[in-house]
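Let's walk through this model together, from its packed helices to its cores and a few backbone details. Keep the viewer open as you read.

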Amino acid sequence: MVKITEEWDEILKDEFSSPSYATLREFLKAEYSSRTVYPDMFSIFNSMKTTAFKDVKAVLIGQDPYHEEGQAMGLSFSVPKGVALPPSLVNIFKEIQDETGADAFTHGDLTGWAKQGVLLLNAVLTVRAHAANSHKGKGWEEFTDGVIKKISAGKENVVFFLWGANARAKKPLIDGGKHLILECAHPSPLSAYNGFFGCGHFIKANEYLIKHGKMPIDWSKL
């Protein structure tokens with residue numbers, strides 16, 4: 001049985017006991033024993049270890065972990081301090097600076113956001129080295145869909161950032177009547193100019209949180 005935190009373990013007990021997760025677990029055991037897989041097995045659930053369910057104010061959905069050495073840390077879009085910023089994160093920071101006037105970011109570790117209530121959740125939580133999407137379709141999607149459904153059903157007034165087609169496919173899982181759904185193109189250099197730049201999502205999110213009596217996110221605080 002996976003142990004994240006007592007709170008998350010109870011909320012996700014049905015996901016962890018599902019046949020889909022049992023199959024995924026056997027796949028992961030084989031992968032970690034025979035391949036290089038990111039992140040390390042102790043960091044797979046870092047998003048939920050860092051952001052308690054009770055504290056979730058926003059959910060930023062990524063696709064799958066970075067697949068080069070030293071990048072993945074179990075938080076969507078985030079890389080450890082000292083690691084070069086991936087292009088999508090460069091564009092995220094650019095949009096924040098354009099919206100808020102924040103100073104230049106000196107590293108890409110987004111733990112500071114997670115500690116403020118931003119759940120940095122990838123749709124797929126593991127990946128084989130040098131092979132993007134290599135763990136797609138192995139069962140992670142069912143698990144993370146369950147996480148999103150639990151947040152939608154069990155919380156009020158959460159902001160969901162859906163950037164790009166993969167994230168936007170999660171929209172039917174979210175109750176738009178009691179949460180804010182922010183959709184646009186992915187921040188990848190291939191698509192950022194098709195609607196990510198100028199989206200205003202970071203300001204819109206904070207306006208919504210303030211309106212509903214919650215502390216806004218300090219996006220400059222990493």
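Two residues are said to be in contact, or to meet, when they have heavy atoms within 4.5 Å. Please bear in mind that this is a predicted model. With that cut-off in hand, look at α5 and α9: Ile-92, Glu-95, Ile-96, Glu-99 and Thr-100 of α5 meet His-201, Phe-202 and Ile-203 of α9. The residues of this contact comprise four nonpolar, two polar and two charged ones. Two packed helices are described by the angle between their axes and the distance between the axes. For α5 and α9, the angle is about 60° and the axes are 8 Å apart.

Now turn to a second pair, helix α3 (residues 19-34) and helix α7 (residues 140-154), whose axes come within 9 Å and cross at roughly 130°. Because of that angle, α3 is oblique to α7. The crossing of these two helices is left-handed. On the α3 side, Ser-20, Tyr-21, Leu-24 and Leu-28 take part, and they meet Trp-140, Glu-142 and Phe-143 of α7. Sorted by type, the residues of the contact of α3 with α7 are five nonpolar, one polar and one charged.

In soluble globular proteins, nonpolar side chains tend to be buried together. Here the largest nonpolar core has 33 residues, and those touching the most other members are Ile-92, Ile-96, Trp-113, Phe-161, Trp-163, Phe-196 and Trp-219. Helices α5 (87-100), α6 (111-114) and α9 (201-211) each give two or more residues to this core, as do strands β2 (58-62), β3 (118-122), β5 (159-163) and β6 (180-184). A separate second core of 32 residues has Met-48, Val-59, Leu-119 and Phe-143 among its members. Phe-143 also takes part in the contact of α3 with α7.

Finally, some backbone geometry to check in the loops. The peptide bond from Tyr-38 to Pro-39 is cis, with omega near -10°, and Pro-39 sits in the loop between β1 (37-38) and α4 (46-50). His-130 is not a glycine, yet its phi is positive, near 65°. Asn-133, likewise not a glycine, has a positive phi of about 65°.

How values were computed. Residues are numbered from 1 along each chain as its sequence is written. This is a predicted model: local features need pLDDT of at least 70, side-chain atom pairs count only at pLDDT 80 or more; totals for chains, interfaces and linings use all residues. Side-chain values use heavy atoms; hydrogens and water are left out. Axes are lines fitted to C-alpha atoms, for helices over the stretch in contact, and angles run from 0 to 180 degrees between N-to-C directions. Helices (H or I, at least four residues) and strands (E, at least two) are DSSP runs, numbered from the N terminus. Angles under 35 degrees count as roughly parallel, over 145 as roughly antiparallel, 65 to 115 as roughly perpendicular and the rest as oblique. A crossing is left-handed if the near helix is turned anticlockwise from the far one by less than a right angle, and right-handed if clockwise. Ala, Val, Leu, Ile, Met, Phe, Trp, Tyr, Cys and Pro count as nonpolar, Asp, Glu, Lys and Arg as charged, and the others, Gly among them, as polar. A nonpolar core is a set of buried Ala, Val, Leu, Ile, Met, Phe, Trp, Tyr and Cys residues joined through side-chain atoms within 4.5 Å. Buried means under 20% relative accessible area, exposed over 50%, partly exposed in between (1.4 Å probe, protein chains only).
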